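Have the sequence and the 3D view at hand.

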Amino acid sequence: LGDRFDWSLAFFVGAAVVYLIANAFPIVSMEAGGNRTVATLLKTVESLQQTGSWPVAALVLFTAVVFPAIIISFMIYLLMPLHFGRAPRNAAFVFRVLRASEPWGMVEVFMLGILASIVKLAHLASLTVGPALWAFGALIILVAAGAYYFEPSQYWARVQQLSQREAHAGTVAT
C-alpha cells in the first residue's frame, strides 16, 4: 500500500481540485417557462440571503464552502511536510482547529439536499445536472478516502520522529 500519509495527501489534493470545480461551476441548470436559471453554490447562497433567508444562507456557506475548505487545506498543510520528510510547524494548533471544524463540514448533507430538490423539481422544469454536482460527489469520496488513510496516532509518532531528527540536525550543524 505504500505510505498511508502519501495516500491521504493524494486524496486531499484531489479533494482540493474537485472542491474548486464544485464551487466554480453550475450545480444544476433549470429551464421553466422559457426562463433559464443556472445555480452555482455561491449564487445559491446569495439568492438565499437576498430572499431574507440569511440564517440558511450562512449555514450553507459555512457547511458547504468554508468548513470543507478549512478541512482540506489543513489536512494538506499537515501532510505535505511529511511527504518531504519534515515536521509541519504549529501542527498541534492546526490539528485542534481541524478537529473542531470537522463536524461542521457537511458536504454530504448538502448533496442530499440538492438531490432531494432535483427530484422534487424534475416534474416542474427541465433540469440539467452541472459539473459541480459530480464534483461534490467526488469530493465526498475523496475526503472520506483521505480520512481513512490518516491515522492520528501514527501521524503524531511520525511528527515526533521528524522533529527529533530536525532538532538533532540543528545541534550537529551548530
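F84 is found in the loop between α3 and α4 (helices are DSSP runs of H or I, at least four residues, numbered from the N terminus). This is a predicted model, where local features need pLDDT of at least 70, side-chain atom pairs count only at pLDDT 80 or more, and totals for chains, interfaces and linings use all residues. Residues are numbered from 1 along each chain as its sequence is written, and side-chain values use heavy atoms, leaving out hydrogens and water.

Most residues other than glycine have a negative phi.

Now for the charges: the structure holds 1 salt bridge, meaning a side-chain nitrogen of Lys or Arg within 4 Å of a carboxyl oxygen of Asp or Glu. D3 and R158 make that contact at 3.2 Å, N to O. D3 sits in the segment before α1 (4-24) and R158 in helix α7 (residues 152-173), 155 residues apart.

Here is how exposed these residues are (buried is under 20% relative accessible area, exposed over 50%, partly exposed in between, with a 1.4 Å probe and protein chains only):

| Residue | Relative accessible area | Class |
|---|---|---|
| D3 | 24% | partly exposed |
| R158 | 23% | partly exposed |
| N90 | 57% | exposed |
| F84 | 58% | exposed |

Key: Helix = DSSP H or I, 4+ residues; strand = E, 2+ residues; numbered from the N terminus.
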